[in-house]
Amino acid sequence: MEIQEITLPVNEIIPFSNVDGRGNRTSIFVQGCNLNCVYCHNPETIKLPCEETQETNYTIKELLSIIKKYGPYIRGITVSGGEATLYSTYLTQLFGEVKKLGLTCYIDTNGLFNLEKMEALIPITDKFLFDIKGINNLEKVTRKKQVNSFDNLEYLLKLNKVEEVRTVCINEYIDLESTVKEVSMRLRKYDDVIYKLIRVHHRGLTLNQKELVQGFVPSTKEMVHLENLAKSIGVKNVMSIF
Ligand code: SF4
């Protein structure tokens with residue numbers, strides 16, 4: 001199949017977002033994820049594309065024409081999801097075209113990708129927004145068997161490709177203190193990288209998810225403690241989202 005004919009399954013496009021990386025950005029939410037996190041606030045994007053999902057499939061030309069429309073008002077695009085890196089071949093091609101418009105290209109990822117499959121995409125991606133779900137017992141929170149993503153994070157940090165690292169804070173499911181320590185030790189050398197600590201919340205969750213997270217939301221005091229912990233290890237740029 002010609003590259004021009006490959007399509008990207010898109011669940012939603014948000015024309016203007018200022019929470020998906022620096023500046024005003026068009027956010028593209030792909031359909032399909034390799035995880036199934038208990039707190040996922042985009043649960044409708046998890047299922048891989050099939051007849052039951054409601055994605056729209058865009059060729060590169062079609063998506064580019066939408067991006068061009070918003071071009072004068074944005075700094076760039078962020079591809080989120082779902083898991084954007086499942087579509088690395090398409091994105092490599094798309095980003096090549098988007099950069100010709102003078103726009104930057106970001107990826108929001110859960111970090112669980114095969115580096116070999118990302119060989120062409122990483123160099124053309126300006127920045128990654130990188131989730132660290134936790135350091136152990138990840139099956140409990142992501143409900144999938146997986147390996148740790150710290151190696152991928154370190155690889156991208158060395159290339160200066162990470163704008164922010166995010167950890168969704170939920171008690172019991174993950175060891176929050178150890179997670180924050182491990183991430184902070186890696187980030188303290190990188191002054192520009194933001195470490196975002198996001199308190200798990202109920203908005204956008206299904207009823208079943210609400211039941212699963214209920215009772216495990218960290219208190220304000222616990223969040224402040226985690227923020228101070230990261231700072232005490234040397235992270236310059238810590239942000240708590242309550
Ligand atoms: S990695 Fe992100 S999109 Fe995928 S299930 Fe987890 S929170 Fe949802």
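Leaving aside neighbours within four places in sequence, Thr179 is in contact (heavy atoms within 4.5 Å) with Ile132, Gly134, Ile135, Thr167, Ile174 and Tyr195. Thr179 lies in helix α6, and it counts as buried because its relative accessibility is 0%, where buried means under 20% relative accessible area with a 1.4 Å probe and protein chains only.

The model is predicted, so local features need pLDDT of at least 70 and side-chain atom pairs count only at pLDDT 80 or more, while totals for chains, interfaces and linings use all residues. Residues are numbered from 1 along each chain as its sequence is written, and side-chain values use heavy atoms, with hydrogens and water left out.

Helix α6 spans residues 176–187 and helix α8 residues 220–233; their axes come within 9 Å and cross at roughly 30 degrees. Axes here are lines fitted to C-alpha atoms over the stretch in contact, with angles from 0 to 180 degrees between N-to-C directions. This angle makes α6 roughly parallel to α8, a term for angles under 35 degrees. The crossing of α6 past α8 is right-handed, that is, the near helix is turned clockwise from the far one by less than a right angle.

On the α6 side, Leu176, Glu177, Val180, Lys181, Ser184 and Met185 meet His225, Leu226, Leu229, Ala230 and Ile233 of α8. By class, this contact has seven nonpolar, two polar and two charged residues.

An unreviewed UniProt entry annotates residues 19–236 as "domain: Radical SAM core". Over residues 19–236 the chain is 34% helix and 18% strand, taken as DSSP runs (H or I, at least four residues, for helices; E, at least two, for strands). The end C-alpha atoms of residues 19–236 are 20 Å apart.

Note on methods:
Angles under 35 degrees count as roughly parallel, over 145 as roughly antiparallel, 65 to 115 as roughly perpendicular and the rest as oblique. Ala, Val, Leu, Ile, Met, Phe, Trp, Tyr, Cys and Pro count as nonpolar, Asp, Glu, Lys and Arg as charged, and the others, Gly among them, as polar. UniProt positions are given in the numbering used here, feature names are shortened, and annotations may be inferred rather than shown by experiment. Buried means under 20% relative accessible area, exposed over 50%, partly exposed in between (1.4 Å probe, protein chains only).
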